[in-house]
Amino acid sequence: MPATISIHGQWSTRLAFILAATGSAVGLGNIWRFPYIAGENGGGAFVLVYLACILLIGLPIMMAEILLGRRGRQSPINTMLTVAREEGLSRGWGLMGWVGVLAGFLILSFYSVIAGWALSYVFKAGSGSFSGLDAEGSSELFGAMLANPEALLAWHTIFMVMTAMVVARGVQSGLERAVTILVPALVVLLIVLVGYSMAQGAFMDGMRFLFYPDFSALSANAVLLAMGQAFFTLSLGMGAIMVYGSYLSSDASVARTSGTVVAADTLVALLAGLAIFPILLAAGLSPAQGPGLIFVTLPLAFAEMPLGLYFGTLFFVLLVFAAWTSAISLIEPAVAFLVENLGATRVFATTVVAMLAWLLGIGALLSLNVWSEYTLFDRGILDLLDFLTANIMLPLGGFLIALFVGWRMTERSVQSELRLKLGWLFTLWYFLLRYVAPIAILVVFLRAVGLV
Ligand code: PHE
Ligand code: NA
């Protein structure tokens, strides 16, 4: 019999789970990563492929991942072992949990560095550094931050401590409380920014860039990046959503909660794109700015808009919060595992994992300045960590989840966990999970390495 409640506690309501899962999903992936990757890959066609990946691959896999978590009720490693045992399958599936824990740890290390940029920009915005800024000045401000390893280290450290403090306090008092106000506030502020960019930016040019697809510009590599972005932004393929699912009560609808989380995440990404590209294009900046895109572009808007000092500060505060609620879900699978298997306290487990990720993060931030000449496959440490996790590890994890739930678990257990009232909805989901998602992931992988 699977446990009906996790030893780590449980969300107090279904809404709490939705908020927490949305908190995990909505983060730097939407506001920092989505615009810059879309910008580097030509916009429209990339965005369309990304949206297709969200719907056809991301949504079905999210349902599968939550379903697994709720059935196993433990960290991803022990959840996989438990469900595999129940279904009479190999213990080898536990490895999938290990890969996920590793991916979460690797992502956290560079995620914290980027969140540190956002922290630093809270203070730049608040102290009026944006006033009178033009495009060139904004690039210089960003460049000066990257060139300063001590400052990057300080912000990275502060962010990692913030994350560890929440996780150490546990599911209900810590994780839940942090997300309740944040997501709605972020949406409101993004709408304000979109309003500004409609009035002052090159809004139609921005729309065309984001939504007019030019497929001739779409490389096999861009398709891989779009798929990786879909996994990254939805927090899929590494057990974050699985471990959150394990704290979900058995009567909540997996399908409805997944739909809500996916919709909220996509809305935030598209709003971010609509806010950023019109401002960027009006300032004559290139969309292919790379990771600095939002940090170079948004200060230009805050420099000019009325109350820009306040809006700018608030925006970066909210971005830090969004990153914070994602970071806690990156570390939770590893922490839950250490608590289960070593009998460690949450405080001890959190401290160990956060310290290791912090160390690796130092390597990532040094790759932006003093170690910038050390590269592998033309990428520095930060870049490499980002590429490896988002584009390879997460889709691979998603592929295995689709195989496990779609092909290895019995249809009866899957159906009894999902309890979809509409028969056709189950058929559709099962088809997407068994065929569409795994085949699409495989084809995109093979194309990216030039095999098909
Ligand atoms: N989804 C988060 C974001 O978009 C990042 C993340 C990835 C969080 C994987 C957890 C797991 O910022
Ligand atoms: Na996201």
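A salt bridge here is a side-chain nitrogen of Lys or Arg within 4 Å of a carboxyl oxygen of Asp or Glu. Keep that in mind for the first stops, and remember as you click around that you are looking at a predicted model.

**Stop 1**

Select R208 and D205. They form a salt bridge, with the closest N and O atoms 3.6 Å apart, and 3.6 Å is within the 4 Å limit, so the pair counts. Side chains of opposite charge can pair when their charged atoms come close. Where do R208 and D205 sit relative to each other in helix α10? They are three residues apart in that helix (residues 203–211), so about one helical turn separates them.

**Stop 2: a pair between helices**

The structure holds seven salt bridges, so there are others to visit. Next, select R33 and D386, whose closest N and O atoms are 2.7 Å apart in a salt bridge. R33 belongs to helix α2 and D386 to helix α17 (residues 381–408), so this pair ties together parts that are 353 residues apart in sequence. Are these two buried or exposed? R33 counts as buried, at 1% relative accessibility, and D386 counts as buried too, at 4%.

**Stop 3**

Select R71 and E86. Their side chains meet in a salt bridge of 3.5 Å, N to O. The pair links R71 in helix α3 (residues 44–72) with E86 in helix α4, 15 residues apart. R71 is buried at 13% relative accessibility, whereas E86 is partly exposed, with a relative accessible area of 34%.

Together with R71 and E86 they are linked in a network of salt bridges.

Stay in this area of the sequence and pick R73, in the loop between α3 and α4. Its phi is near 60°, a positive value in a residue other than glycine. R73 counts as buried, with 3% relative accessibility.

Then move along to N78 in helix α4 (residues 76–86). The side chain of N78 makes a polar contact with the side chain of E340, at 2.5 Å. N78 counts as buried, at 10% relative accessibility.

**Stop 4: the sodium ion**

Select ligand 2, a sodium ion, and show what coordinates it. Which atoms hold it? You'll find A25 (O), N30 (OD1), T233 (O), T233 (OG1) and D265 (OD), at 2.1 to 2.5 Å. Along the chain, the donors follow the spacing A-x4-N-x202-T-x31-D. N30 is in helix α2 (residues 28–40) and D265 is in helix α13 (residues 254–282), so this pair links parts of the chain that are 235 residues apart. Both N30 and D265 are buried, each with 0% relative accessibility.

While α13 is on screen, pick A282, which is in that helix. A282 is partly exposed, at 48% relative accessibility.

**Stop 5: out to the surface**

Which helix gives the largest share of the patch? That is helix α19 (residues 423–448), with six residues. Zoom in on V449, in the segment after α19. V449 counts as exposed, at 61% relative accessibility.

**Last stop: a loop residue**

Finish with F377, found in the loop between α16 (346–366) and α17. Its phi is near 50°, a positive value in a residue other than glycine. Why does F377 count as exposed? Exposed means over 50% relative accessible area, and F377 has 70%.

Definitions and conventions:
Residues are numbered from 1 along each chain as its sequence is written. Chains are lettered from A and ligands numbered from 1 in the order in which they are written. This is a predicted model: local features need pLDDT of at least 70, side-chain atom pairs count only at pLDDT 80 or more; totals for chains, interfaces and linings use all residues. Side-chain values use heavy atoms; hydrogens and water are left out. Helices (H or I, at least four residues) and strands (E, at least two) are DSSP runs, numbered from the N terminus. Buried means under 20% relative accessible area, exposed over 50%, partly exposed in between (1.4 Å probe, protein chains only). Donors are N, O and S atoms within 2.8 Å of the metal (3.2 Å for Na, K and Ca); water is not among the atoms, so sites may look incomplete. A polar contact is a pair of N or O atoms within 3.5 Å; within protein, one must be able to donate a hydrogen and the other to accept it, and residues adjacent in sequence count only if both atoms are side-chain atoms.
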